[in-house]
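Subject: Structure handover

Hello,

Here is the structure for you to take over. My notes on what was found in it follow below.

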Amino acid sequence: MNNDTICALATANGVGALGIIRVSGNDALSVVQKSFPGKNLGKQKSHTIHYGYFMDGEEAIDEVMLSIFLAPKSFTTENSVEIAFHGSPHIGKRILETLTKNGARMAKAGEFTLRAFINGRIDLSQAEAIADVIASENEASRKVAINQLKGGITNEISILRTDLLNFVSLIELELDFAEEDVEFADRSALNQLLSKIELKLNSLIESFQYGNAIKNGTAVAIIGKPNAGKSTLLNALLKEERAIVSSIAGTTRDTIEEVLHIKGHAFRLIDTAGLRETADEIEAIGVKKAKEKVENANILVYLADAATEDFTEDIEMIRSLIREDLKLIICATKIDEVIPTKYENVENVFRKEINHEFDFIKISAVENQNIQDLKNELSSYVEQLKSLENNVVITNQRHFESLHKSLSAVHKVNEAITFRISTELLAYELRNALEHLGEISGEVTNDEVLGNIFSKFCIGK
């Protein structure tokens, strides 16, 4: 299939000023030439642009510009042509139909990038970074994806693999001379290398929490008793009337999710039903869903009405929801409706009863008081996840799992050395560590993994 010439729309579906169709393969020039009679494409230089009409037989489909990229200096390393046409979906469809009549076939999802990988232009982590660049929705995710596209993680893994490979070679040599009982690999030097690798692997694994927050956004559950001001706060953060606000308790019965960008980071805000015991079946479902959202949230913003006389219920709710890895922010709400002396001691009440670290902010969502303080707390949570020592951030679940497997193999190598286990088992565990590291760059892979990765790409990429 890699010998086929493929084509696909590279721009988004829909009407636009321009559309671009990509063609790639050994016969890309001859396939396009059949519909572009004005110039001999086979005699043109690489990286040149040519004007003319794209024809279907005697009929001119559109006035186009062709960009020619000759192998190996193209994205796929194959002969490639990009056809820029007026951005009508109908025109794009006609051009693609004509190209298939000329001998090309429609590309599969991610097939252009797959060819770039197979032909050695990029490695697997860079291929995944292309999808991440396209999907980036904020500045932080763009920067991380671009760094990976430039080979950030590949460079880190390559250094580790090279060092390990040197020792694997020496251990394999020992197996060849097993009868002579000699050691070519210095075990103390290997121990030092394993410590260095373990440190680096742990650093990369720890960066995944920050990377996941960048790539998928940080889940923020806004929780509290009915009428505590949850929907009002959501509207204030978004600066729009997204949720219905009413003085009637229990107005929000389902969860409402919206994305808020703060300082280049994405936060998935989840407005939930007020927590209380209720006989209303629909509201009870909403309360259950609210608790489920907290279980999957990174940050819990708990709202307590500043005018409340007794916070016992709020304290019990917080205790039932908190967990060790959950960031907790308690907000005393509606401070515009009560005199300061009424809410001055609210923080102390919670400090005495909540045995969990939390930040406390007094807010008025209606008057926009201290809303910026809350935004700053959300932003600082993500910033604190960032490691100052590690320029490479792991955002991909597959990479995260491969790093864990590599670390496990390194631990087993350490055990093999400590307990002087046979050289055969030592070599086996070292090869395992190498293999799992190789899975990240694609040096070790299989068709099932490739199929899963590239099926998530758009057709024209």
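Helices (H or I, at least four residues) and strands (E, at least two) are DSSP runs, numbered from the N terminus. The model is a predicted one, in which local features need pLDDT of at least 70 and side-chain atom pairs count only at pLDDT 80 or more, while totals for chains, interfaces and linings use all residues. Residues are numbered from 1 along each chain as its sequence is written, and side-chain values use heavy atoms, with hydrogens and water left out.

Overall, the chain has 16 helices and twelve strands. Of its 461 residues, 49% count as buried, where buried means under 20% relative accessible area, exposed over 50%, and partly exposed in between (1.4 Å probe, protein chains only). Among contacts (heavy atoms within 4.5 Å) with a separation of 6 or more, 68% are between residues 24 or more positions apart.

Helix H8 comes next. Nine of the nine residues of H8 (residues 230-238) are buried, so this helix is largely enclosed by the rest of the structure. Those residues include Lys230, Asn235 and Leu238. They pack against strands E7 (218-224), E8 (256-262), E9 (265-271) and E10 (299-305), and also against H13. Lysine 239 follows H8 and has a positive phi, near 60 degrees.

Helix H13 (residues 371-385) has 15 residues and spans 22 Å from first C-alpha to last, close to the expected 21 Å; the expected span is 1.5 Å times one less than the number of residues. Its buried residues are Ile371, Leu374, Lys375, Leu378, Ser379, Tyr381, Val382 and Leu385. They cover an arc of only 145 degrees around the axis, which puts them on the same side of H13; the arc is that of the directions from the helix axis to the C-beta atoms.

On to the cores. A nonpolar core is a set of buried Ala, Val, Leu, Ile, Met, Phe, Trp, Tyr and Cys residues joined through side-chain atoms within 4.5 Å. The largest one has 33 residues, and Leu233 and Val301 have the most contacts inside it. H13 supplies the largest share of this core, six residues. Apart from it lies another core of 32 residues, among them Ile153, Ile157, Ile417 and Leu434. Not counting residues up to four places away in sequence, the residues touched by valine 301 include Leu233, Ile329, Cys331, Leu374 and Leu378.

There is also an open sheet of six strands, in the order E3-E4-E5-E2-E1-E6 and with mixed pairing; two strands pair if DSSP finds at least two bridges between them. E3 and E6 (105-106) stand at the edges with a single partner strand each, so one side of each is left without a neighbour in the sheet. E3 (residues 48-56) and E4 (residues 59-69) are antiparallel over nine bridges, with tyrosine 53 bridged to glutamate 63 in E4. Two residues lie between these strands in their hairpin, where glycine 57 takes a positive phi near 70 degrees. E4 also pairs with E5 (residues 80-86), in the antiparallel sense over five bridges.

Regards
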